[in-house]
Structure formats: C-alpha cells, structure tokens
Amino acid sequence: MAIAVGTARPVVDDGDALTRVLGWIKAHKQLSLWVAAILVVGGGLVWWNALSTKQSEQNAGRALVSARLAFESRNYPLASSELSRVVENYSGTHAAQGAHLLLIQVRLAQGQNQTALELLRRFAPGASRDFRAQAYGLLGAAYENVARPKEAADSYEQAAEAAQLPFLRAQFLSDAGRAWTEAGDTAKAVAAYQQIVTKLDSTNTVVEAKVRLGELTRGAIPK
C-alpha cells in the first residue's frame, strides 16, 4: 500500500534573507547608491508636484474670484483680460476650466456668438465632469443665438445627460423641448417634456413642462 508523503516547504529565515540583501548591497555599492538616489528623487518629485498643484489651485482660485467680480460688475474688458490670464497661467487646474467657461459667457454677453460657438465646440467634449453640463448648456444657448435650434436642442440634451442635479437636468430638458419646438420637431419636444413630467416631477420645471405638453398635444398628454 503506497503512502503519500507530503513535500516539506522550505523555512525562510528572515535573518538569513537580510544577510543576503546586505551582502548584495556591499557587493554592488555603486548600483545601490543609484537605486537609493532614484527613490529619493522620485519621492521628492511626487511631494513637490502635489505641493505645486495645491498652490496653483489656490492661486488660480484667487485670480478667478477677482475676474468673476469684474464679470458680475459687467466690466467685460477687464473680466476678459483677467480670465484669459487665469486660463493661460493655470492651465490644467479646476479654476482654469471655470475661468474658460466664464470667458465664454463674456463673449456671449458681448454678442460674440460665433467666437463663443467655436470656443465651446472645442471645450465641451473634453470638459471635466464638474463643467460638462454647463459647457453644453452654453453651447445650446450660443446655437439659439444664431438661429440654429436643432443644434441647440442636441446640445441641451447632452447638457441634461451630464447634469448631476435633478433641477439642472430638468431645466436643460425644458430648454431642449423649447429648441425642438422651434426646430419643428414636435415628437422630440414632447419626449423632452415628458421626461420632466415622469422622471423629474419633484422639480419646479414640471409645471411648465405640463403646460407645454398640453399645448403640443392639444391636451392629450401622453402617458
């Protein structure tokens, strides 16, 4: 009768392993110094990058507050100048994206719709999650300003899809419904308003959505 014999696992001696590591370091002093230097420099770069990023965000945030005050005071030339500096000097920061959008709003306020359109078409697809809905919403407004309701409606629907808050999603869907109506696409307008009524009925926009549905369907609101 055969008896199975288990294979004994080798016992690793921690002290012996440490001795071997120290022995390797002694035998390869130059290489060990290079490895240590790389680790120190790498760690320093990570720390410096984190510190620099934090400082850049803080500086950009302060600059953005100043530019926003100029915008709210309707001093558009000053706002444009300060916002452009934030975008250029603090590229890659959260504040720079906010400044970019505010700069586009300055262009819209100045009636520079075509310039705003070109900026938004480049900015919106790559905007971060925090700014994507607002970017597409502005794109919709810019399209409406140049009498292109179909493109406006498409942009508003993308804004609604990206919106993180229910009331914003409802507002963008309402904008889309208005633009689809203007474009002559009643079916898509009804679909936009119906989303508000059935899925976002807790928002303030639902009252207007029901009125618009009644107008578009002559009182026969689809279930």
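L168 is partly exposed, at a relative accessible area of 31%, where partly exposed lies between buried, under 20%, and exposed, over 50% (1.4 Å probe, protein chains only). The model is predicted, so that local features need pLDDT of at least 70 and side-chain atom pairs count only at pLDDT 80 or more, while totals for chains, interfaces and linings use all residues. Residues are numbered from 1 along each chain as its sequence is written, and side-chain values use heavy atoms, with hydrogens and water left out.

L168 belongs to helix α8, residues 166-183; helices are DSSP runs (H or I, at least four residues) numbered from the N terminus. The 18 residues of α8 span 25 Å from first to last C-alpha, close to the expected 26 Å, which is 1.5 Å times one less than the number of residues. After α8 comes G184, with a positive phi near 85°.

The buried residues of α8 include A170, F172, L173 and W180, and its buried residues pack against α6, α7, α9 and α10.

In soluble globular proteins, nonpolar side chains tend to be buried together. The largest nonpolar core has 40 residues, and F172 and Y156 are among those with the most contacts inside it; such a core is a set of buried Ala, Val, Leu, Ile, Met, Phe, Trp, Tyr and Cys residues joined through side-chain atoms within 4.5 Å. Helix α6 provides the largest share of this core, eight residues. Beyond neighbours within four places in sequence, Y156 is in contact (heavy atoms within 4.5 Å) with residues including Y136, F172 and A176.

Conventions:
Helices (H or I, at least four residues) and strands (E, at least two) are DSSP runs, numbered from the N terminus.
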